[in-house]
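Work through the two exercises below with the sequence and the model in view.

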Amino acid sequence: VQLVESGGGVVQTGGSLRLSCAASGRTLSSYAMAWFRQAPGQEREFVARISWAGGSTFYADSVTGRFTISRDKAKNTVYLQMNSLQPEDTAVYSCAAALIVTTGAFEYDYWGQGTQVTVSS
């Protein structure tokens with residue numbers, strides 16, 4: 001599975017961005033897809049995940065109510081809609097794919113290259 005993220009950028013506090021993760025190379029019907037983020041000097045952090053088949057979602061407490069993960073089966077793409085962005089959301093955001101529904105980064109088999117999100121105060 002190849003994953004390519006896009007949509008990062010610089011936004012002011014309170015603004016919105018939508019990240020995209022285009023997948024190719026394999027059918028995703030058995031996979032869970034997730035977004036993780038990593039800020040400088042910090043560990044990688046789980047953000048949100050979605051079951052490709054059923055569409056069930058789960059979010060980190062820090063983004064619940066502000067971020068929404070979704071997928072478009074026809075486009076083989078996962079999205080992360082981020083609203084009410086705060087400076088602490090600044091990080092490199094990466095999408096990942098796993099054969100199990102999990103929040104553990106070590107259990108994800110495939111990763112994109114990441115896209116930078118910067119929230120200015």
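**Exercises on a sheet and a disulfide**

Strand β3 and strand β8 (residues 77–82) pair in the antiparallel sense over six bridges. Strands here are DSSP runs of E with at least two residues, numbered from the N terminus, and two strands pair if DSSP finds at least two bridges between them. The model is predicted: local features need pLDDT of at least 70, side-chain atom pairs count only at pLDDT 80 or more, and totals for chains, interfaces and linings use all residues. Residues are numbered from 1 along each chain as its sequence is written, and side-chain values use heavy atoms, with hydrogens and water left out.

**Exercise 1.** State the order of the strands in the open sheet and identify its edges.

*Solution.* 
Step 1. The open sheet has four strands, in the order β1-β3-β8-β7, with antiparallel pairing.
Step 2. At the edges stand β1 (2–6) and β7 (67–72); each has a single partner strand, so one side of each is without a neighbour in the sheet.

**Exercise 2.** Locate the disulfide (a pair of cysteine sulfur atoms within 2.5 Å) and describe its setting.

*Solution.* 
Step 1. The sulfur atoms of Cys 21 and Cys 95 are 2.0 Å apart and form a disulfide.
Step 2. Cys 21 belongs to β3 (residues 17–24) and Cys 95 to β9 (residues 91–98), so the pair ties together parts 74 residues apart in sequence.
Step 3. The link of Cys 21 and Cys 95 is right-handed, with 55 degrees about the S-S bond.
Step 4. Cys 21 and Cys 95 are both buried (under 20% relative accessible area, 1.4 Å probe, protein chains only).
Step 5. Within the sheet, Cys 21 stands opposite Val 78 in β8.

Note on methods: Disulfide = S-S within 2.5 Å. Buried < 20%, exposed > 50% of the residue type's maximum accessible area, 1.4 Å probe, protein only.
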